[in-house]
Amino acid sequence: SSRIWILNNFVHDQWADGIHVSRGSDQVLIHGNVIERNGDDGIGVVSYHGPEPWNRHPRNNRIIMTDNIISRTPARGICASGGNLTIRGNIISQTGKAGIICTAEGWISAYTLIEGNTVFDVGTAEKYGFDFYDTRGTRSGIHVQYNRDMMILNNMIYNARQGCGISVTSSPDVTVSGNRITNCVRGIQADIPAAFGTGEKFNPEWLREMYGDKSYQAVGDIPGCDNLTVSGNTVRDCMTDGIWVSGLKDRPNVNVVVSGNILGGNNRSKQPNVRDVWSAYCTNLTMSGNISQGGEGAPLSPVQGSAGCTANAARGERKWNMACQPLISGIMLSLGPNSFADSSYLYRMDAGEWRAELDAMQRFGIDWLGCWSGLETCVERRAAVPGGDLIGFLLREAEERNMRLSLSCGFC
């Protein structure tokens, strides 16, 4: 179907999707509907794409879903696949599975905007009276998998108590920005499931034959979260990590930026090794300017960390992020236990590591280094630099580089 408007309806107490759009539909507007107590998805935009002759339809295209109110469904609030999709301004609650899921059927969906939605009390595993429905599956607020060229912006997500606020799986060229996430298992997760590291094919022959003109770009053999940006989000009061980005040892994520996020009150489960920001197996990783306000859980120490990654030399390089705050032309280091990050790793860095970090800072125009300390740095605390005096060492190194260094002891 094409050129369809579905506006201002009350859709309720059905055994399947509230509103269902499928099989190559184009130019469809779904706006202002109230959808509740349905036996499957609130809105299902599904292409049923496959190798069978009767399923070789073009993908759904140019579908707009705006300002709908969706609740009490055992499945997803919105399930969508295709290209050029817009999901904006919807209010979604009380779903058995994910609030919003975007997935692909045999090829990779592309060019989707998910913006300004309010998603809460989702992924409950409740059946809401539809006892026949199997509620197993992802229970995140927003979940995307096998997509590309996607923007997830300015959504409010809370109380996804059995899933992530936002989960990105094997999807390249995705931006996650400006979202506010509270009280989920994990705030933001981007990963490549281990099963995808086996060389399994996601680009079958029938697909290549169908789209021989390259109208749609198929996903690679082992898809990853390449060219990922996670910036400007606020993540609070989650059970474990704030932001977690992971590739595979043999298939790392490539080109990842995690920057300018605010985190606090996470790790409510009080696990000992949880961090506010964590990455593993990423190539060309930049982590900068993330701020942690701490919480009552186990120490988030360090605030940020990574394993099996290679870092870009950039302002707020990997190590500096763990306890620093980038300013316009400088960096403020937190050296005391009363700061927003555990600073113990700074005292374990030797002279060579410090000089390499300072050199990297200068290459990127940082000419001011501030050191904020609490009570502990007013007494003796030995560091791994010569003589054990970290402040004295930094003063000498800054003078040699013509860098300005300021020291502020909050309780001296």
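**View 1. A nonpolar surface patch is made by F10, V34, I69 and I91 and covers about 320 Å².** Patches are made of residues with over 30% relative accessible area and no salt bridge, where like charges are joined within 9 Å and nonpolar side chains (Val, Leu, Ile, Met, Phe, Trp, Tyr) within 5 Å. Accessible areas come from the Shrake-Rupley method with a 1.4 Å probe, and for residues only the protein chains shown count as cover. V34 belongs to strand β5. V34 has a relative accessible area of 30% and is partly exposed (buried means under 20% relative accessible area, exposed over 50%, partly exposed in between, with a 1.4 Å probe and protein chains only). The model is predicted: local features need pLDDT of at least 70, side-chain atom pairs count only at pLDDT 80 or more, and totals for chains, interfaces and linings use all residues. Residues are numbered from 1 along each chain as its sequence is written, and side-chain values use heavy atoms, with hydrogens and water left out.

**View 2. Strand β5 (residues 34–38) pairs in the parallel sense with strand β2 (residues 10–14) over four bridges.** Strands (E, at least two residues) and helices (H or I, at least four residues) are DSSP runs, numbered from the N terminus. Two strands pair if DSSP finds at least two bridges between them. The bridge partner of H12 is E36 in β5. Strand β8 (residues 69–73) also runs parallel to β5, joined to it by three bridges. Here V34 stands opposite I69 of β8.

**View 3. D13 and R37 meet through their side chains in a salt bridge, at 2.7 Å from N to O.** D13 lies in strand β2 and R37 in strand β5, so the pair ties together parts that are 24 residues apart in sequence. A salt bridge is a side-chain nitrogen of Lys or Arg within 4 Å of a carboxyl oxygen of Asp or Glu. Side chains of opposite charge can pair when their charged atoms come close. D13 is partly exposed, at 43% relative accessible area, and R37 is partly exposed too, at 25%. A network of salt bridges links D13, E36, R37 and R72. In the whole structure, a search finds 11 salt bridges.

**View 4. A salt bridge joins the side chains of D41 and R76, with 2.8 Å from N to O.** D41 lies in the loop between β5 and β6 (43–46), and R76 in the loop between β8 and β9 (78–80), so the pair ties together parts that are 35 residues apart in sequence. D41 and R76 are both buried.

**View 5. Strand β13 (residues 109–115) and strand β16 (residues 147–153) run parallel and are joined by six bridges.** A110 stands opposite R148 in β16. R148 also forms a salt bridge with D149, the closest N and O atoms being 2.7 Å apart. R148 is buried, at 7% relative accessibility, whereas D149 is partly exposed, at 25%.

**View 6. An open sheet is formed by 10 strands with parallel pairing, in the order β1-β4-β7-β10-β13-β16-β19-β22-β25-β28.** At the edges stand β1 (2–7) and β28 (282–288), each with a single partner strand, so one side of each is left without a neighbour in the sheet. Neighbouring strands of this sheet are turned by 5 degrees against each other on average, direction ignored. Axes are lines fitted to C-alpha atoms, for helices over the stretch in contact, and angles run from 0 to 180 degrees between N-to-C directions.
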